[in-house]
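Work through the exercises below with the structure open beside you. Try each task before you read its solution.

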Amino acid sequence: MKKKWKWISGAAAVVFLMILIYLFQGPLFPWNPIKPGYEKIKFSRGMLYIKDITGKDSIVFRIDKIIEAEEKFHDLRYQDDMKIFIVNRDGSMKRFLPWMGGAGYSVSLSMANLIYIGPKARNSKAGPGPHIKHELSHMLIDQNTSLENALEMHEQGWFVEGIAEYFSGHTFYSREEFKEVCRRYKFEFDGLMEKNPLKMKGKELLFSYSYYKYFIEYLCITNGEQKLRQYLKRYIQKPGEYKELFREIYGTDLKNLLTGYKKFLNL
């Protein structure tokens, strides 16, 4: 009996220790009431947490302006409050998102209303600003649709990533760099590379994000942002019917506009 209780006590101690580690150093950190070293910045739709803040992070004091611009551009409204974590410059996203292998630059977890901006984003030339805008775009769209639709949209990738990149002003390749890559590899504009970004790595991800961004830019230049918003509102309700919706709203097949997109880039 004593051995049994000793084993139970040992197991309980291990579980308690794991919970403490997860609360202070892992995935449960957002729900830890104690966040040592993190400065709290309140904004209209939630709270931002940041450590070792410098002048390059000054955009964190303008989150409400970004929120306002996000809602105006997307013509949607945030439904729930959220938490944004800016990971310190020499930190690791793996501590917070071990199941995602570090999650690259930034990530939004819409089911938990959480956004993480990682060291790669924070240390980048543009700083955390574009990545905050990018993830807030995802959060806004996901909060205005069902979980099932949100998962399907992220599996398709092309539209929500394109909008997020276009709104954020961020790009991994300049337009000329993107065109040079397309020429070098004789890229054919006959599809949208429908794939979950989390399943992309390295150059494939960088190229895809640029492809999506410049396509959304092309749609806005040739058909206007209002039509893009119209499509967005329909798309987030029926992402599986995106080709039919595209034809209905833009008056042509998606493939035809991809051909026009290629000509627009002078390729």
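A residue is called buried under 20% relative accessible area, exposed over 50%, and partly exposed in between. Keep in mind that this is a predicted model.

**Exercise 1. The two sides of a helix**

Find the buried residues of α5, and say which exposed residues sit on the face turned away from them.

Solution. 
- Step 1: Locate the helix. α5 covers residues 147-156.
- Step 2: List what is buried. In α5 these are N149, A150, M153, H154 and Q156.
- Step 3: Look down the axis of α5. The buried residues fall within an arc of 155°, so they line one face of the helix.
- Step 4: Recall the helix rule. An α-helix has 3.6 residues a turn, so residues three or four places apart point the same way.
- Step 5: Turn to the face away from the buried side. There α5 carries the exposed residues E148 and L151.
- Step 6: Ask what covers the buried residues. The cover includes α4 (129-142), α6 (158-168), α9 (225-235) and α10 (242-250).
- Step 7: Check what comes after α5. G157 follows, and its phi is positive, near 80°.

**Exercise 2. Salt bridges across the chain**

How many salt bridges does the whole structure hold? Follow three of them, starting with D81 and R45.

Solution. 
- Step 1: Take the total. The search finds 10 salt bridges.
- Step 2: Start with D81 and R45. Their side chains meet at 3.4 Å, N to O.
- Step 3: D81 is in the loop between α2 (63-74) and β3 (82-86), while R45 is in the loop between β1 (38-43) and β2 (46-51). The two residues are 36 apart and link distant parts of the chain.
- Step 4: Classify both. D81 has 45% relative accessibility, so it is partly exposed. R45 has 22%, so it is partly exposed too.
- Step 5: Go on to E188 and K262. Their closest N and O atoms are 3.7 Å apart in a salt bridge. E188 lies in the loop between α7 (175-184) and α8, and K262 in α11 (residues 254-264), so the pair ties together parts 74 residues apart in sequence.
- Step 6: End with R229 and E225. This salt bridge spans 3.6 Å, N to O. Both residues lie in α9, 4 residues apart, about one turn of the helix.
- Step 7: Classify this last pair. R229 is buried because its relative accessible area is 16%. E225, at 30%, is partly exposed.

Conventions:
Residues are numbered from 1 along each chain as its sequence is written. This is a predicted model: local features need pLDDT of at least 70, side-chain atom pairs count only at pLDDT 80 or more; totals for chains, interfaces and linings use all residues. Side-chain values use heavy atoms; hydrogens and water are left out. Buried means under 20% relative accessible area, exposed over 50%, partly exposed in between (1.4 Å probe, protein chains only). The arc is that of the directions from the helix axis to the C-beta atoms. Contact means heavy atoms within 4.5 Å. A salt bridge is a side-chain nitrogen of Lys or Arg within 4 Å of a carboxyl oxygen of Asp or Glu.
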